[in-house]
Amino acid sequence: MRKFLTYCLLFFAPLVLVILGMEGLVRKIPNAYKINEEIIAERADSIEVMVLGSSQMMSAVNPAWLKAPTLNLASGDQHHDTDFKLLKELLPKLPNVHTLVLEVSYSHLELPHNGPDFWKNNFYLKYYGVNCFERPTYFKDEMLFLSNPPLLSERVYAHYIQKENYSDYNIYGFNIKDSYGQFAKKNHDASLINQMKHFKINLEANLDIFQENSALLLDILTYLQQHNKKVILVTQPMYPTYLRKRNPAILKRRDSVLQLSEETYNNVHLFLKETDTLSYTIKDFWNHSHLSNEGAEVFSKQLNTYLNEH
């Protein structure tokens, strides 16, 4: 038995050391979660606006251009179920937040929720102290590397070996370095960009997911109304070729929920910029559905005006 345990120790010890080493490397790579953690710890009483949503909101709202102190908690692939968990846990720690800015982009209501197994749950627990697992947590749940070893191994390789640094965060946790954008790589040449036949857009309508997601959104709005919070429902600008490719059924259902929300809740306001093709140039887009830093400046200034007026 002792020999067997010795063999096990010799076998697993190197693996454990590799995992711990990778964990240390991952944590040293700059990320917005760490900056948001510091904001919550050091400036909780000053925050007045909380932004939630996916990467489209993450790239669209730069708090540097907003008059009201703003915390942008949006993150790639983040959906309303995770938004709800974050706001319920964090609002008590942010006593002066009076406004929530929530994403309701084109197909946001017809994409599956993150659920308790979302890989970013480790990041929310480690940096925000928010348990999105819907179960008791364990030591490994705060291990970032274990949340998604293939993806994070690629990031470690890119950051430390290839010396690629695609991030440069300002004091608000907003990435001000976006030179690697898809449109920038094509030198913002409209003829080349308009020829792109393949780009990420959801065209598959799903009524079951829509009903589930819409019900949750209304639950969120009810919760925020009960807590006397103002809500801004947002649609972000999209590039013209994206707009033309949208599924009319998905679009119609999304718009019906926006209308219902505004009519039902007196604390809800709509900030709709999805089809604003006049305020944004081709250089304002990172790709078909995300804004560049220039576009984020335009959008954030528009949002700032809207917040001041409402």
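Analyst: Strand 3 (residues 99-103) and strand 4 (residues 230-235) run parallel and are joined by five bridges; strands here are DSSP runs of type E with at least two residues, helices are runs of H or I with at least four residues, and both are numbered from the N terminus. Two strands are taken to pair if DSSP finds at least two bridges between them. The model is a predicted one, in which local features need pLDDT of at least 70 and side-chain atom pairs count only at pLDDT 80 or more, while totals for chains, interfaces and linings use all residues. Residues are numbered from 1 along each chain as its sequence is written, and side-chain values use heavy atoms, with hydrogens and water left out.

Within this pairing, V101 has I232 of strand 4 as its bridge partner, and T99 stands opposite K230 of that strand. In general, strands of a sheet pair through backbone hydrogen bonds, either parallel or antiparallel.

These pairings belong to an open sheet of five strands, with parallel pairing and the order 2-1-3-4-5. Its edges are formed by strand 2 (70-72) and strand 5 (268-272), each of which pairs on one side only. On average, neighbouring strands of this sheet are turned by 20° against each other, direction ignored; such angles are taken between axes fitted as lines to C-alpha atoms, for helices over the stretch in contact, and run from 0 to 180 degrees between N-to-C directions.

How many of the five residues of strand 3 are buried? Five of the five are buried, so strand 3 is largely enclosed by the rest of the structure, where buried means under 20% relative accessible area, exposed means over 50%, and partly exposed lies in between (1.4 Å probe, protein chains only). Both faces of strand 3 are covered, with T99, V101 and E103 buried on one side and L100 and L102 buried on the other.

Leaving aside residues up to four places away in sequence, Q56 touches E103, S105, Q236, M238, S289 and H290, where contact means heavy atoms within 4.5 Å. Q56 has 10% relative accessibility and therefore counts as buried. Its side chain makes a polar contact with the side chain of S105 at 3.2 Å, and the side chain of Q56 also reaches the backbone oxygen of S289 at 3.4 Å. A polar contact is a pair of N or O atoms within 3.5 Å; within protein, one must be able to donate a hydrogen and the other to accept it, and residues adjacent in sequence count only if both atoms are side-chain atoms.

Helix 13 also meets these elements: its buried residues pack against strand 1, helix 3, strand 3, strand 4 and strand 5. Among those buried residues are N293, G295, A296, F299, L303 and L307. The 17 residues of helix 13 should span 24 Å at 1.5 Å a residue, and its end C-alpha atoms are 24 Å apart, which agrees; the expected span is 1.5 Å times one less than the number of residues.

Helix 13 (residues 293-309) also holds both K301 and E297, four residues apart, about one turn of the helix. K301 forms a salt bridge with E297, with the closest N and O atoms 2.8 Å apart, a salt bridge being a side-chain nitrogen of Lys or Arg within 4 Å of a carboxyl oxygen of Asp or Glu. K301 counts as partly exposed at 38% relative accessibility, and E297 is partly exposed as well, with a relative accessible area of 27%. Elsewhere, salt bridges that share partners join R246, R254, D255 and E274 into one network.

The structure holds eleven salt bridges, and another of them links the side chains of E23 and R27 (2.7 Å, N to O). Both E23 and R27 lie in helix 1 (residues 2-28), four residues apart; E23 is buried at a relative accessible area of 4%, whereas R27 is partly exposed at 35%.
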